Amino acid sequence: MKAITVIPGKSLHAQVVDVDEPDTSTHSLLVAGHVLGVCGTDTEIVSGLHGAAPPGRDRLILGHESLGEVLDAPAGSGFSPGDRVVGIVRRPDPEPCESCASGEWDFCRNGRYTEHGIKELDGFGCQLWRIEPDHAVSVPAELGDLGVLTEPTSVAAKAWEQIEHMSARASYTPGTVLVTGAGPIGLLAALIGVQRGYEVHVLDRVESGPKPAVVEQLGATYHSTDVGDLTIRPDIVIDTTAAAEVVMTLPLLVAENGVICLTGFPLTQSNVSMNLDEVSREMVLNNVVMFGSVNANRRHFGQAVDTLSRAEPAWLQRLITRTVNMDHFDEALHKEDHDIKTIVDLRW
């Protein structure tokens, strides 16, 4: 079968190759890959910046944003041929830390977790893949290829879960949300905010293309100004930019008792100079929380499916701005003007 593979740690070694079909498992689903979402993590792995192949191998099958159709399911698995599924990305470490042992593997403490398509587990960028039933999530067939948005939505869902947990500490009801960055995670985080009844604002650098209209169609407000020029005082901020000049301005912008969630991280060192004394002063005096969130657990995938099922399909479709064939997957790694989400069609 065909698979998109990469040699982690080496750039320019990604290619579509023939690989063996997945090993037969006594209790796993056999899934035909339909589409694969591509994100910045994939680009970083292909560039050699991080990633790890399965033990004893030099190549890793790429891809963690999956959608496929079950071809074969063991009795009692809860799945049947024809079901649409996505695979949960992270697995707990083999000698579980306290978090992994309690089922919270997205909070792993010892770093021995594995991740499909990223760290020591083959991904979903192939024509056929296998996965255990308890690491598969059912997606309604009505979503069609839009089900590939489940994994990025799960990341946004986890961020929102943690945000609302922390907001509850101050016994007040937040009302205004700012999302910085109008990429897929940012727009999906904005979607969740709108669905939950918040007043949502989205900030991005671009002034043209699909992003402003997508935000407005959602019922949110789009801004393309510098973050320091915003006149709103949000109660909640979700940053997806990882830009130092944005991140270090947020504690000065957020309202009292505000919560700031960071979902991205920079790969290079920033030369931005900031007044950290002022930042720490404002955070202390205003009871501001800033925290990071990454990956997602099973329940967040379930929350993601619910979010997508309640969204307007036409709006979700606007997020997928480009589709490429599997044999041209490298085109998906290079962002074009006005790209939001690019997907790879695996149906060779």
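Strand 7 and strand 8 (residues 114-116) pair in the antiparallel sense over two bridges; strands are DSSP runs of E, at least two residues long, numbered from the N terminus, and two strands pair if DSSP finds at least two bridges between them. R90 has E115 in strand 8 as its bridge partner. This is a predicted model, in which local features need pLDDT of at least 70, side-chain atom pairs count only at pLDDT 80 or more, and totals for chains, interfaces and linings use all residues. Residues are numbered from 1 along each chain as its sequence is written, and side-chain values use heavy atoms, without hydrogens and water.

An open sheet of three strands runs in the order 7-8-9 with mixed pairing. Its edge strands, each pairing on one side only, are strand 7 (90-91) and strand 9.

Grid points are joined across faces, edges and corners, and a volume is the space filled by probe spheres set on the points.

| Space | Volume | Lining by class |
|---|---|---|
| Largest cavity | about 50 Å³ | seven nonpolar, no polar, one charged residues |
| Second largest pocket | about 630 Å³ | 11 nonpolar, five polar, 10 charged residues |

Ala, Val, Leu, Ile, Met, Phe, Trp, Tyr, Cys and Pro count as nonpolar, Asp, Glu, Lys and Arg as charged, and the others, Gly among them, as polar.

The second largest pocket has a volume of about 630 Å³. Of its 26 lining residues, P22, D23, R57, D122 and R130 are the closest to its centre. Strand 9 (120-121) and strand 10 (128-131) are the elements that give two or more residues to this lining; strand 10 gives the largest share, four residues.

The structure holds one cavity of 30 Å³ or more. I4, L36, V38, D42, L62, F329, L333 and V344 line the largest cavity.

Conventions
On a 1 Å grid over the protein atoms alone, a cavity is a set of points where a 1.4 Å probe fits but cannot get out, and a pocket is an open set with protein on both sides within 12 Å along at least five of seven lines; lining residues have an atom within 4 Å of a point.
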